[in-house]
Amino acid sequence: MLMEHKQRSKKKIFLMIGIFLLILAVFRTGWWVHYQPSDQPVAKDGVLDLSDWNFTNNETVALDGEWKFIPNEFIDAETLKQQDIDGTTKQIIVPENWNDSNPPFGYGTYYLDVLLPTDADAVLGIKTLDISTAANLYINDQLIVEHGTIATNAEEIKGAFGPRSNLFSPNSNELSIIVHVANYEMPLSGGIIGSIKLGNDIALSKEAHLSIVLQSIIAIVFFLHAIYAFSIYFMGNRKFGKEILFFGIMFLLHGLTILIDDDVVLKLSLSFITYQKVLFLLFIATLLALVLFIKYLFNVQTPFYKWLVRLFITTMIFVLFATVHTYFIIAAAVILLYIVALSFLFYYGVKSTHAGIQDALLILLFIASYTSNVLWGAFINLDLVTMPFYPFDFLITIIVVALLLFRKHIHLSKVTDLQKVELQELDKARDEFLAHTSHELRNPLHGMINIAESVLENDDEQLSIDSKENLQLLSNIGNRMGHTLNDLHTITQLRENRIKLSPSSIDLHVITTFIIDMLEFFKGGKNIELTSRISADFPNIWADENRLIQILFNLVHNAIKYTENGSILIRGEVKEKQAFIYVQDTGIGIDPSKMESIFEPYAQVDPNPSIEAGIGIGLAISKKLVELHGGEITVHSNERGTTFAFSVPLSTNEQVTELNTNSQSIVTTQANELTHLDVRYPPSDETILIVDDDPINVKVIAQLLNSEYNIITCTDPRKALERIPLQNIDLIISDVMMPNMSGYEFTEKVREKYTISELPIVLITARNTPEDIQVAFKSGANDYLVKPVNALELKIRVRALTNLKHYIKESLKFEAAWLQAQIQPHFLFNTLNSIASLAEVDMDQMVDLLHAFGEYLQRSFALINLEPTAPIYHAIELTNTYLVIEKTRFRDRLKIETDIDEGIEHLMIPPLSIQPLIENAINHGVLQKLEGGTVKWKIKKHPTYTEVTIADDGVGMNEEKVIKILNIDVSVDDGVGVKNTNRRLIHLYNEGLKIHSEVGKGTTISFRIPNET
């Protein structure tokens, strides 16, 4: 942005421009005068006498003056000596246009005799400055300089551009110089229109070297400015204005023009006319870039600008396709274009300077310097003045632009410093606001989540499907917002340097397993496979456990967010005492233009508006936490997915030894203190299973509880799952982070067979974030404790849960009685009615039915039904008496088929486990059909187990109803026959009912009893 300043009057502006142009003219005139040759001999009548000339190393002599010229002929030296050509020879001044014809096309021969001093150097050099347009220069019949290809017609000629030079050895004190010149390409002038210089090799080299070096230096400086401008524009992602782009283009084109003009430092293999076109196009394009630079710099909004650009484009097209015969029109168009464009530039330069834009004065001086250079270049091309390459207009241009850039940089630095202070204050205020806001929002947010989940749980049957989905969505959004509030709290702590790491030797395999299990609940129904390839023997790392979990949680959660289908993989490798951890996903990837900003706080890089974006601090937190550990984090992304990688140090033996020593003393002290707390409970026979991979933790908890409970310990959760069915466990206390299987997965496995009321579980971990607590309860835990555990709190919670388990166990003792109470009144009434009706029809059958009914009641209310298991013959006899009653009642509608193996009399099975299943098959299967059906029940003995199967050909069930029956969760609306039998079988044998059913075809229910029971 240009800096505002006081206004200047137009009179003062023009005065400054005039003084500036005058200074430029004085410098240019001084340069011209300085390089004017000293008094040198002049050729007369075709002869130049240099016999008294001293060839020095510092000066060349111009072969100017009267040459002999023979038009329309190429004559060699021998012909000149043998033939009388005085009739066709004329005098001509060199350098000068060879005739006044328009255009000056044709060819001819120039001739000059040069007399050398007797002590002339053994090696001399000759240089042509400008010949239009092709020429061959001979000295004493030897071709010395070839300037293009001469010809007597326009079809064969090939002109050249720029100076040519060569060295030669004079064989005598007289030089016969013949120059054959042809011109069919330059319509303005022809012949030798620039001086021919003669001198020794050193003087000639010095003269050419100075001009070439100056041109090269100026061109390089222009190129450097162009590179600087392009770098600012493109590396700044085009945040800078277009003026910087056109500034670079202008200097690039100007540098190229310098290299191919004057001494032609950069020689191009082009024809003369093509060379001229390239020069014209570069002149015009440079001026156009300057116009566009001024337009965007001053934000010019005028219709004339569009017409001016069109004029530029038209002129360039005309130059591109012009022919030799239209050269005058080209020159006139270019001159007109320059006049219009420079007038335009001066107008807006003066206007902007008058308006008080200070930097506009520098731009105006830049335009003045450019105009001065254009005018002097025109004078030189029109042969009004002759001088070597003049660099100072270009240097002044560079100085003016440098001043402009320095001023803008200083101004921007001041603005940046002010904005930096303002941004720091705003940043601090924002962090304070967010910290206070997150604290104030936490309680009402959790209240909203609790209300939504409470309504979902308590009013499940009354809610519609849409209402349930909306409440679940509300709960999910609330949990996500809670995660965001936690991130806000963390980022504030990081900014204030209030986070102190507590590093320890960490098992990365355990951590990644824990993260995978935790985030399974955050997939939101997406088809994503979460896996970890961190092996159990991966070296331990030295890190803060909670912060490491936070890093991995943020990276994996971010991967879930941007992955709809596919996989997310955590893997690791060891390099140079560092662990490198990779989180790879198959998501949509990250836009390459936003890769650099993804770790910036509050940066939003979501490429898909349909994805719910956070506030952009999760990755920033991860980066800061990784750096606190002494590592670094990187990201690589493409259309196939994204990979985040970060490093943390490996733990050393010294660190582990010191940590173990400190940990042992702390744990021992804690164990002693906790054991002697003044808490007393009466002895009990409850059994508690403690699962933790750390033997020290197991020992501490066991010492706290072994005086009150029977303690079973296990350091492998997989083995613990095997022991649970073999022990009468009342409560499980499990650590969350364990190798092979996390506490969350362990809890889910237990819940597949035991409800939360039948086997309570307490999870213990060092983390207490809302995400951890939420996942713990979702996995099926009854309670959640945070390390370090308070002894009194642990004992109270354990007592509460074991009491609950005790009450549940007592209630199970009466479950058989509950089953007995389920003898429905209509069954009793119908049986009694059947007995009464038989009294009038068949007295013997009535007696048999009455006997069977009495036996059924006796066996149903037998005390043995209160035991966990009873002999199988008791169940068979109860079933047979029940079937006698039902067969008498329903006669031909009910068919019974029985197949029972021998040798099973001593097998123990849960009481009341066969009759309820057969009753279910009769009432809900075959009797639902008008014609009735058949119930087949069989007991078959196998080598290791005995299988009981009840099959009917009744109405059958759909898959949804089968799943509901096999669900072990208790509901007040559920029947107790099939569901209760299934639950007791799972508790006793770790395997429940198997049901196969098809609607309209029937149902088959079976279960297995191990023979060793």
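Axes in this tour are lines fitted to C-alpha atoms, for helices over the stretch in contact, and angles run from 0 to 180 degrees between N-to-C directions. Helices (H or I, at least four residues) and strands (E, at least two) are DSSP runs, numbered from the N terminus. The model is predicted: local features need pLDDT of at least 70, side-chain atom pairs count only at pLDDT 80 or more, and totals for chains, interfaces and linings use all residues. Residues are numbered from 1 along each chain as its sequence is written, and side-chain values use heavy atoms, with hydrogens and water left out.

**Stop 1: a helix pair**

Select residues 303-321, which are helix 6, and residues 327-354, which are helix 7. The two helices pack at an angle of about 155 degrees, and their axes are 10 Å apart. Helix 6 and helix 7 are therefore roughly antiparallel to each other; angles over 145 degrees count as such, those under 35 as roughly parallel, 65 to 115 as roughly perpendicular and the rest as oblique. Their crossing is left-handed, meaning that the near helix is turned anticlockwise from the far one by less than a right angle, whereas clockwise would be right-handed.

Now show side chains. On helix 6, the contact (heavy atoms within 4.5 Å) is made by Phe304, Leu308, Leu311, Phe312, Thr315, Phe318 and Val319. Helix 7 contributes Ile329, Ile330, Ala333, Val334, Leu337, Val340, Ala341 and Phe344. Of the residues in this contact, 14 are nonpolar, one is polar and none is charged. Here Ala, Val, Leu, Ile, Met, Phe, Trp, Tyr, Cys and Pro count as nonpolar, Asp, Glu, Lys and Arg as charged, and the others, Gly among them, as polar.

**Stop 2**

Select residues 106-115, strand 5. Nine of its ten residues are buried, that is, under 20% relative accessible area, with exposed set at over 50% and partly exposed in between (1.4 Å probe, protein chains only). Strands of a sheet pair through backbone hydrogen bonds, either parallel or antiparallel. In this model two strands pair if DSSP finds at least two bridges between them.

- Strand 1 (47-49) pairs with strand 5 in the parallel sense over three bridges; valine 47 has aspartate 113 as its bridge partner.
- Strand 3 (65-71) runs antiparallel to strand 5 and is joined to it by four bridges; isoleucine 70 is partnered by threonine 109.
- Strand 11 (174-183) is also antiparallel to strand 5, with ten bridges; serine 176 is the bridge partner of aspartate 113.

**Stop 2: two cis peptide bonds**

Go to valine 94 and proline 95, which are joined by a cis peptide bond with omega of about 0 degrees. Proline 95 lies in the loop between strand 4 (90-94) and strand 5.

Next, select serine 132 and threonine 133. The peptide bond from serine 132 to threonine 133 is cis, with omega near -10 degrees. Threonine 133 is in the loop between strand 7 (131-132) and strand 8 (134-139).

**Stop 4**

Inspect strand 23 (731-735) and strand 24 (761-765), which pair in the parallel sense over four bridges. Isoleucine 733 stands opposite valine 762 of strand 24.

**Stop 5**

Lysine 577 counts as exposed, at 71% relative accessibility.

Leucine 912 also has a positive phi, near 55 degrees. Leucine 912 is in the loop between strand 28 (908-909) and helix 24 (915-924). Is leucine 912 buried or exposed? With a relative accessible area of 7%, leucine 912 is buried.
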